[in-house]
Amino acid sequence: MEVKQSSLAAVGTKFSQYPTDGKVEIAFAGKSNVGKSTLINAMLGRKALARTSSQPGKTRTINFYDVNDCMYVVDLPGYGYAKAPKTEIAKWGMMIEEYLQKREELRAIILLIDIRHEPGKNDIMMYDWLKHYGYDIIIAATKSDKINRSQIQKNVKIVRQGLGMEKDGIIIPFSAETKQGRDEIWRLIEDTMADVNENTAAEAEEKTEE
């Protein structure tokens, strides 16, 4: 997808603050400091639209970025930030869970995993939870530029095994430095949007026939 326009459209912690125009939403999830905001900026061709920080746990709201006035990229708070107060961690968890369980506009999840390490307990829990609820899950294996190119496929295999993924599960190595993986992620998002549009058209046709 050619990103011609992108902007922060909404920031919220509850449904009444989220967009109501029905556009397709693709959410980005991952543990704190995995490079989520950096990835989103790279996807949107912007340097600082999504705020990046060396301090984990910076994103404490659900942020909706309008892309080409046709969809939302949704930045979810990072999980697993142990230094935050337990009450804050619980609040973030409930906010994310409610969004993922009840948001009808949400069509797919990009789950970020640091390619340099085996998936942690929180990563595995999130992946299993999303799979349980039937979401299309794309794994973005971030920070691929931090390891040798010859190690990438070996580390992808470690991520796949750690999450217990099927062989056809999608893992895309991603680098914010080289933009490796960006176009591939966009192609998958476009495929998801095309499926949504086809289903919407089919449903409208069925109603017309009725």
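Which residue takes a positive phi in the hairpin of β3 and β4? In this predicted model, the residue is asparagine 68, with phi near 55°, in a hairpin that has three residues between the strands.

Strand β3 is largely enclosed by the rest of the structure, because six of its six residues are buried. In a regular strand, side chains alternate between the two faces of the sheet. Both faces of β3 are covered, with Ile62, Phe64 and Asp66 buried on one side and Asn63, Tyr65 and Val67 buried on the other.

The largest nonpolar core comprises 34 residues, and those with the most contacts inside it are Leu76, Tyr99, Leu100, Leu111 and Ile139. Two or more residues of this core are supplied by each of the strands β2 (24–30), β3 (62–67), β4 (71–75), β5 (106–114) and β6 (136–142), and by each of the helices α2 (86–102), α3 (121–132) and α4 (152–163). Helix α2 provides the largest share, five residues. Apart from this core lies another, of 27 residues, which includes Met43, Met71, Leu112 and Ile172.

Isoleucine 139 is in contact with Leu111, Ile113, Tyr127, Val159, Leu163, Met165, Ile170, Ile171 and Ile172. Threonine 142 is located in strand β6. The relative accessible area of threonine 142 is 2%, which is under the 20% cut-off, so the residue is classed as buried.

The chain has an average pLDDT of 88, and 89% of the residues score at least 70. Confidence is highest in helix α4, at a mean of 97, and lowest in helix α5 (residues 182–209), at a mean of 79.

Definitions and conventions
Residues numbered from 1 in each chain as written. Predicted model: local features only at pLDDT ≥ 70, side-chain atom pairs only at ≥ 80, totals over all residues. Heavy atoms only, no water. Core = buried A, V, L, I, M, F, W, Y, C linked by side-chain atoms within 4.5 Å. Buried < 20%, exposed > 50% of the residue type's maximum accessible area, 1.4 Å probe, protein only. Helix = DSSP H or I, 4+ residues; strand = E, 2+ residues; numbered from the N terminus. Contact = heavy atoms within 4.5 Å. Pairing = 2+ DSSP bridges. pLDDT = per-residue confidence, 0-100. Lists of a residue's contacts leave out its neighbours within four places in sequence.
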